[in-house]
Amino acid sequence: MASEELAQKLQRRLLLEESGTAGEAAVTGGEAVEETEEEEERRCLTASAGAELSAKLCRRQDINEGAAQPRRAAVFNPYTEFKEFSRRQIKDMERMFRLYDSGRDGYIDLMELKLMMEKLGAPQTHLGLKNMIKEVDEDFDGKLSFREFLLIFHKAAAGELEEDSGLLTLAKLSEIDVSIEGVKGAKNFFEAKAQALSSASKFEAEIRAEQDERKREEEERKHRRAAFRELKSAFTQ
């Protein structure tokens, strides 16, 4: 009897030990799976970072070799960078740009350019639109910033666009006069300097004219308010 009880106890001990070993194996296996997943995630992150770094290094190499141009800052002053245009011309271009920037994101994408050309009466094919953007797309993002939009008129004024270019058609149909060449069209240094001084004087004159116009409008508003007060006081007496 005692021997049977002893045999049962030993059997239970063996079962407990076996179950404990199996549990440890299961935990160890789970930890191994977890470690494998962590290692895989680390490898993916490393590969992603490596690809991004590789892309940046390739672009830097292209810029150094002249195969690509560095991206310009998003903020720029059109009046100082495009001195060949008057303030009124640049404002007309800005008005036109905003009119067709339906997404209000500061860019004209391919579909917005398509709509613009259709409104101007010169619809383009999909490939033609892509080529138009490509001609002035300095940062290779596939859309036109305001600076790149101004480049269209700069190239048109300087005679740098082909006759069959969609951009030249855009510039001609936009009703913005860019026929006068700026400093770039000067024949020699002295003429260029004279044109630069003339351009600066013209720029200052336009600013003064705008300021005078605002002053006149303010004076007119004051006179209208004064006349209204006089009229009102006359009726209340």
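Analyst: What follows looks at helix α7 and then at the parts around it.

This is a predicted model, in which local features need pLDDT of at least 70 and side-chain atom pairs count only at pLDDT 80 or more, while totals for chains, interfaces and linings use all residues. Residues are numbered from 1 along each chain as its sequence is written, and side-chain values use heavy atoms, with hydrogens and water left out.

Helix α7 covers residues 166-173. Helices here are DSSP runs of H or I with at least four residues, strands are runs of E with at least two, and both are numbered from the N terminus. The buried residues of α7 are Gly166, Leu167, Leu168, Leu170 and Ala171. Buried means under 20% relative accessible area, exposed means over 50%, and partly exposed is in between, using a 1.4 Å probe and protein chains only. The cover over these buried residues includes α3 (87-100), α4, α5 and α6 (146-157). Contact, here and below, means heavy atoms within 4.5 Å.

Just after α7, glutamate 175 has a positive phi of about 65°. Serine 174 sits in the loop between α7 and α8 (189-236). Serine 174 counts as buried because its relative accessibility is 11%. A polar atom of the serine 174 side chain lies 2.8 Å from the backbone oxygen of alanine 171. Leaving out residues up to four places away in sequence, serine 174 touches Met96, Leu120 and Phe153.

Two of the covering helices also pack on each other. Helix α4 (residues 110-119) and α5 meet at an angle of about 105°, and their axes are 10 Å apart. Axes are lines fitted to C-alpha atoms, for helices over the stretch in contact, and the angles run from 0 to 180 degrees between N-to-C directions. The pair is therefore roughly perpendicular; that word covers 65 to 115 degrees, with under 35 roughly parallel, over 145 roughly antiparallel and the rest oblique. On the α4 side the contact is made by Leu110, Leu113, Lys114 and Met117, and on the α5 side by His126, Leu129, Lys130, Met132 and Ile133. These residues divide into six nonpolar, one polar and two charged. Ala, Val, Leu, Ile, Met, Phe, Trp, Tyr, Cys and Pro count as nonpolar, Asp, Glu, Lys and Arg as charged, and the others, Gly among them, as polar.

Helix α3, another part of the cover, holds both arginine 95 and aspartate 92, three residues apart, about one turn of the helix. Their side chains meet in a salt bridge (2.7 Å, N to O). A salt bridge is a side-chain nitrogen of Lys or Arg within 4 Å of a carboxyl oxygen of Asp or Glu. Arginine 95 is exposed because its relative accessibility is 53%, while aspartate 92, at 28%, is partly exposed.

Conventions:
A polar contact is a pair of N or O atoms within 3.5 Å; within protein, one must be able to donate a hydrogen and the other to accept it, and residues adjacent in sequence count only if both atoms are side-chain atoms.
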